[in-house]
Amino acid sequence: MSSQKTKTVAVAMSGGVDSSTTAVLLKEQGYRVIGLTGIMRKGQDVSQRAKAVCDKFGMEHYTLDVSDYFQEEIVDYFKDSYKNAKTPNPCIVCNKKVKWGKLFDYAINELGADYYATGHYAKIEKRGESFVLKKAKDPKKDQLYFLFELSQEQLSRTIFPMGDFEKPEVREIAQKYDIPSKNTKDSQDICFLLYPDTTKKFLLREFGETQGEFVDINTKKVLGTHNGFYQFTIGQRKGIGLAAERPLYVVDLDPCENIVYVGFEENLYTNELEIQNPHFQQKDYIGREFTASVKIRYNTTAKEALIIPDKDKIRIVFNTPQSAVTKGQAAVIYDEANTFLIGGGWIK
């Protein structure tokens, strides 16, 4: 790969096995590799682990302190979402604003990198003049859902080596090269909540306990009390603490009145939803109706739906009713065969 020997790639390195292996593989392919670690939270500096990898393999390493920006754009967004009865997805926002925001810009504009790479499990394919995000080899690790807001310009400068491997293969490569982070565990969903902290503990510290009511969505009767609507999310069954003849689920939240509406499983289903702030990676789908596969949360399967443009928002009508459509989460749109990403938006 002699043509790549003059190319520089900056790898966003968290110190974990995926990003570390990404850096080593790219160096083996002939790139000049620079490690770049973003300091997301004060007191949570993982740069030493990343630097150890760079030092061993003769790669430069830089850090960029984005902790204040991360607090404003990610942590505050996380809090505000729960405060407004929405269930946030900080990974998607972090990808847009931090990883392909501050870090991407620093890599390209300040470090002079030709490309930017991460340990995400996804594939990029060029089709004509467009770049397409395709599913990773490992279906369990595929991360397209979290990448729908990336632009064509960003895709044109991005490399995803992990898309060609399953996770056990990545572990084997890390062992083969004796990468210092070869035995690190996979990162948790919310990186700024360190064990034993949890979302519930975090929100209780931020908002305290405020007594409200559980209300039956069908009869409007008060069934009991709770200590804050923000501790619940749509579709939740466990932790409600109410006795009933059939299992009860959280079906709606009223942040103004501090009410948690509960109902039966059938109350969770709907055939359609609206998304706002839509973003299309594939521009030829803008402004027209089409059939697609849609995921309304990461850990679910994509379902067939009709995509209907409506001014600044999009209606999504599913062929079959969907359970627990949740405000604040992303609805991500794939092609009808569910092989590549078209775009997505935020559920209203």
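**Aromatic pairs, a helix crossing and backbone exceptions**

Asparagine 277 counts as exposed because its relative accessibility is 54%, where exposed means over 50% relative accessible area, buried under 20% and partly exposed in between (1.4 Å probe, protein chains only). The model is predicted, so local features need pLDDT of at least 70 and side-chain atom pairs count only at pLDDT 80 or more, while totals for chains, interfaces and linings use all residues. Residues are numbered from 1 along each chain as its sequence is written, and side-chain values use heavy atoms, with hydrogens and water left out.

Asparagine 277 lies in strand 12 (residues 269-280); helices (H or I, at least four residues) and strands (E, at least two) are DSSP runs numbered from the N terminus. Its phi is positive, near 50°. Alanine 85, in the loop between helix 3 and helix 4 (90-110), also has a positive phi, about 65°, but is buried at 13% relative accessibility. The peptide bond from tyrosine 195 to proline 196 is cis, with omega near 10°. Most residues other than glycine have a negative phi, and most peptide bonds are trans.

Proline 196 lies in the loop between helix 6 (167-176) and helix 7. The axes of helix 7 and helix 3 (residues 67-83) come within 11 Å and cross at roughly 80°, the axes being lines fitted to C-alpha atoms over the stretch in contact, with angles from 0 to 180 degrees between N-to-C directions. The two helices are therefore roughly perpendicular (65 to 115 degrees; under 35 is roughly parallel, over 145 roughly antiparallel, the rest oblique). Contact, meaning heavy atoms within 4.5 Å, involves residues including Phe78 and Tyr82 of helix 3 and Phe202 and Phe207 of helix 7.

Aromatic rings of Phe, Tyr and Trp (its six-membered ring) pair if their centres lie within 6.5 Å; planes under 30 degrees apart are stacked, over 60 edge-to-face and the rest tilted. The count comes to 18 aromatic pairs. Phenylalanine 207 and tyrosine 230 have ring centres 5.1 Å apart and planes at 65°, so this pair is edge-to-face. Phenylalanine 207 lies in helix 7 (residues 199-207) and tyrosine 230 in the loop between strand 9 (222-226) and strand 10 (249-254), so the pair ties together parts 23 residues apart in sequence. Phenylalanine 207 is partly exposed at 27% relative accessibility, whereas tyrosine 230 is buried at 5%. Ring pairs also link Phe70, Phe78, Tyr82, Phe192 and Phe202 into a cluster.
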